[in-house]
Amino acid sequence: MAEQWIEVCPVDAIVPDTGVCALVGNEQVAIFRLATNELFAISNHDPFSGANVLSRGIIGDKNGTPKVVSPVYKQSFALPTGECLDDPSVKLPVYPVRCEDGRVLVAV
């Protein structure tokens with residue numbers, strides 16, 4: 001089955017170095033916009049706390065890899081891969097994301 005791109009919001013609705021949450025299909029997706037305007041989309045579900053909160057996490061980097069830190073127990077997740085940087089056995093779903101005509105689109 002081919003990917004379906006879902007329009008989420010205007011890119012300007014996401015303040016640089018923050019995230020937003022969107023319901024894409026049946027999934028809560030955390031979408032992050034870096035100061036460089038690079039976009040990332042991962043699951044909003046924090047597997048350690050069980051809460052859907054990653055879109056409210058703090059953006060940073062570890063050795064040049066962009067990451068988000070969970071606001072609950074503070075685990076870090078690599079935005080490009082979804083891998084937990086504190087426990088490599090845990091990995092979040094990652095979604096294709098792009099900006100087209102000033103609009104953020106996520107594929108499911």
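Biologist: Which residues does Q75 touch, not counting residues up to four places away in sequence?

Modeller: Heads-up, this is a predicted model: local features need pLDDT of at least 70, side-chain atom pairs count only at pLDDT 80 or more, and totals for chains, interfaces and linings use all residues. Residues are numbered from 1 along each chain as its sequence is written, and side-chain values use heavy atoms, with hydrogens and water left out. Contact means heavy atoms within 4.5 Å. Skipping residues up to four places away in sequence, the partners of Q75 are F48, V68, V69, S70, C84 and D86.

Biologist: Is Q75 buried or exposed?

Modeller: Q75 lies in the loop between β6 and β7; strands (E, at least two residues) and helices (H or I, at least four) are DSSP runs, numbered from the N terminus. Buried means under 20% relative accessible area, exposed over 50%, and partly exposed in between (1.4 Å probe, protein chains only). Q75 has a relative accessible area of 15%, so it counts as buried.

Biologist: F48 was one of those partners. What class does its ring pair with F77 fall in?

Modeller: Rings of Phe, Tyr and Trp (its six-membered ring) pair if their centres lie within 6.5 Å; planes under 30 degrees apart count as stacked, over 60 as edge-to-face and the rest as tilted. That rule gives a count of one aromatic pair. The centres of F48 and F77 are 6.2 Å apart and the planes sit at 45 degrees, so the pair is tilted.

Biologist: And how many residues apart are F48 and F77?

Modeller: The pair links distant parts of the chain, with F48 in the loop between β4 (39-43) and β5 (58-62) and F77 in strand β7. F48 is partly exposed at 30% relative accessibility, whereas F77 is buried at 0%.

Biologist: What is the N to O distance in the salt bridge of E7 and R103?

Modeller: A salt bridge is a side-chain nitrogen of Lys or Arg within 4 Å of a carboxyl oxygen of Asp or Glu, and the whole structure has two. E7 in strand β1 and R103 in strand β9 are 96 residues apart, so they link distant parts of the chain. E7 is partly exposed at 45%, and R103 is partly exposed at 30%. The N to O distance between E7 and R103 is 2.6 Å.

Biologist: Which residue meets E100 in a salt bridge?

Modeller: E100 is partly exposed, with a relative accessible area of 38%. The side chains come together at 3.3 Å, N to O. The partner of E100 is R98.

Biologist: What phi does D101 have?

Modeller: Most residues other than glycine have a negative phi. D101 sits in the loop between β8 (97-100) and β9 (103-107) and is exposed, with a relative accessible area of 76%. D101 is not a glycine, yet its phi is positive, about 55 degrees.

Biologist: Where is D17, which has a positive phi too?

Modeller: D17 has a phi of about 65 degrees although it is not a glycine. Its relative accessible area is 40%, so D17 is partly exposed. D17 is found in the loop between β1 (5-10) and β2 (18-24).

Biologist: Zooming out, what radius of gyration does the protein chain have?

Modeller: The protein chain has zero helices and nine strands, and its C-alpha atoms fill a box of roughly 35 × 30 × 20 Å along the principal axes. The radius of gyration is taken over C-alpha atoms, and the globule rule is 2.2 Å times the number of residues to the power 0.38. For 108 residues a compact globule would come out near 13 Å, and the protein chain agrees at 13 Å.
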